[in-house]
Amino acid sequence: MASEQASTSVSTPDIKSAIAELEVPFPPDQVQWRVTNTAKDKRRGQIVPYAGPRAYADRLNALFTPQGWIREYKIETMSNITRMKNGASIVTGKILLTCTVTIIGLWSHSGTGEQWADDQNGMTSADAQAFKRACSCFGLGRYFYEFQGSWVDLDHNLQPKRIASLPPWAIPENWRKGMRPPGKNCNGNGFHTNGANGSSHGYSKAYGSEPSASAHSGVDELDTRILALEKAVGPSLYQSVLREYGRAEQPKLIKDASTKRKVLEILESAMRGVGRLNAVRKRVDPKTLQSLLAKLQAPPLAEIADMKTLRNVVFGLEERADSPSARTA
C-alpha cells in the first residue's frame with residue numbers, strides 16, 4: 001500500500017500549480033447557502049455560502065487521484081455538560097473530532113469539529129466540519145472565510161426567498177484570471193494556504209530552501225493581519241491567544257512563520273466567535289446573559305480571555321435565544 005501511495009506523489013515542479021488549483025473557488029452549482037442569524041421577526045436572515053464535504057473530496061480526487069491523499073480521524077468526547085434544548089435544561093455531552101488530511105508528496109494539515117452528542121447527526125456534522133477545516137489549511141475552500149454574510153428575505157421555512165448570487169471574484173473562471181476579494185492580494189501561495197482550527201505537520205520541509213524576499217514579505221503581512229484583529233476580538237482575548245499559541249506579546253516576536261499562521265487562525269476563529277456573540281446578544285435580555293455568565297463562572301464579556309470560555313458563552317446564549325420561552329418573550 002505504501003508503494004502505491006508513493007507512486008501518486010506530486011512532483012516538486014507541480015506543487016505550485018497544485019496549490020493554486022486547490023485555492024480556486026468551487027463551481028456555483030456546488031455552492032449552497034446557510035442562514036446563520038435571523039431577525040426577531042424571522043422575516044430576514046443573514047446568509048453565508050458553503051460547500052458540502054463531497055465537493056472537497058471531489059477536488060482532491062481530481063487533482064491527486066483517490067490514492068493520492070488520505071484522511072485520518074481522532075475522536076474524543078466530553079460528558080456531563082448542561083445545556084438548554086427546546087426550552088429545557090438537559091445533561092449531555094460533546095463530540096470532539098480531529099481530521100488530518102495528508103496529500104502524498106506534499107504535507108498534512110489537521111482541522112477540528114465539534115457537535116452536541118444528543119444531536120442525531122452530531123457525528124456527521126463534526127466530521128464535515130473537521131474535514132473541511134483541514135482542507136482549508138491547503139487553501140481548498142479558504143475563500144469562504146472572506147464572506148461576512150448578507151441579509152436577505154426569508155420564507156416561512158426560514159430559507160432565502162431568492163437564490164443568492166456570488167460575487168464575480170468567487171467564480172472559478174474569474175479567479176483563474178486573477179480576480180480576488182476586495183482588499184486582498186493573494187498570490188496563490190503563502191498564508192492563504194492555512195485555515196481556521198488547522199495545524200501543520202511540516203511535510204513541506206522536505207523541499208526546504210532558504211527564505212526568499214517574498215517569504216519575508218509574507219511574514220510581514222502575517223504580522224499586519226494579526227495586529228488588525230486586536231480590535232475585533234478585544235485586547236484581553238488577543239493577548240491571551242498571542243501568549244498561549246505564539247509564546248509572545250507581539251506578533252513580530254514570533255519567529256516561526258507556521259506559528260504566526262496558527263495564531264492568525266485562532267484569532268480569525270475568535271473574531272467569528274465574537275461576531276456570533278454580538279449577534280446573539282441582541283436576541284436575549286441582559287438578565288439571561290448575566291445568569292449564563294454566573295452559571296459558567298465567566299467574567300464580563302469584555303474580559304473573556306480564552307477561546308473555551310468564549311465558545312461556552314456563545315453556545316449557551318444561542319441555546320437560550322432559540323428556546324421557545326425566548327421566542328415568545
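This is a predicted model: local features need pLDDT of at least 70, side-chain atom pairs count only at pLDDT 80 or more; totals for chains, interfaces and linings use all residues.
Residues are numbered from 1 along each chain as its sequence is written, and side-chain values use heavy atoms, with hydrogens and water left out.

The axes of α10 (residues 286-296) and α11 come within 10 Å and cross at roughly 135 degrees, where an axis is a line fitted to C-alpha atoms over the stretch in contact and the angle, from 0 to 180 degrees, is taken between N-to-C directions. Helices (H or I, at least four residues) and strands (E, at least two) are DSSP runs numbered from the N terminus. The contact (heavy atoms within 4.5 Å) is made by T288, L289, L292, L293, K295 and L296 of α10 together with N312, V313, G316, L317 and R320 of α11. By class, these residues divide into 6 nonpolar, 3 polar and 2 charged, with Ala, Val, Leu, Ile, Met, Phe, Trp, Tyr, Cys and Pro counted as nonpolar, Asp, Glu, Lys and Arg as charged, and the others, Gly among them, as polar.

Helix α11 (residues 307-321) also packs with α9 (residues 257-281), at an angle of about 30 degrees and with the axes 10 Å apart. That angle makes α9 roughly parallel to α11, and α9 passes α11 in a left-handed crossing. Residues of α9 in the contact include I266, G273 and L277, and those of α11 include L310, V313 and L317. The contact of α9 with α11 has 12 nonpolar, 2 polar and 3 charged residues.

Two individual residues were also examined. S136, which lies in helix α4 (residues 122-137), counts as buried at 2% relative accessibility, buried being under 20% relative accessible area, exposed over 50% and partly exposed in between (1.4 Å probe, protein chains only). The side chain of S136 reaches the backbone oxygen of R133 at 2.7 Å. L158, by contrast, lies in the loop between β6 (150-153) and α5 (172-176) and, at 33% relative accessibility, counts as partly exposed. Leaving aside residues up to four places away in sequence, L158 touches V35 and K42.

Technical notes. Angles under 35 degrees count as roughly parallel, over 145 as roughly antiparallel, 65 to 115 as roughly perpendicular and the rest as oblique. A crossing is left-handed if the near helix is turned anticlockwise from the far one by less than a right angle, and right-handed if clockwise. A polar contact is a pair of N or O atoms within 3.5 Å; within protein, one must be able to donate a hydrogen and the other to accept it, and residues adjacent in sequence count only if both atoms are side-chain atoms.
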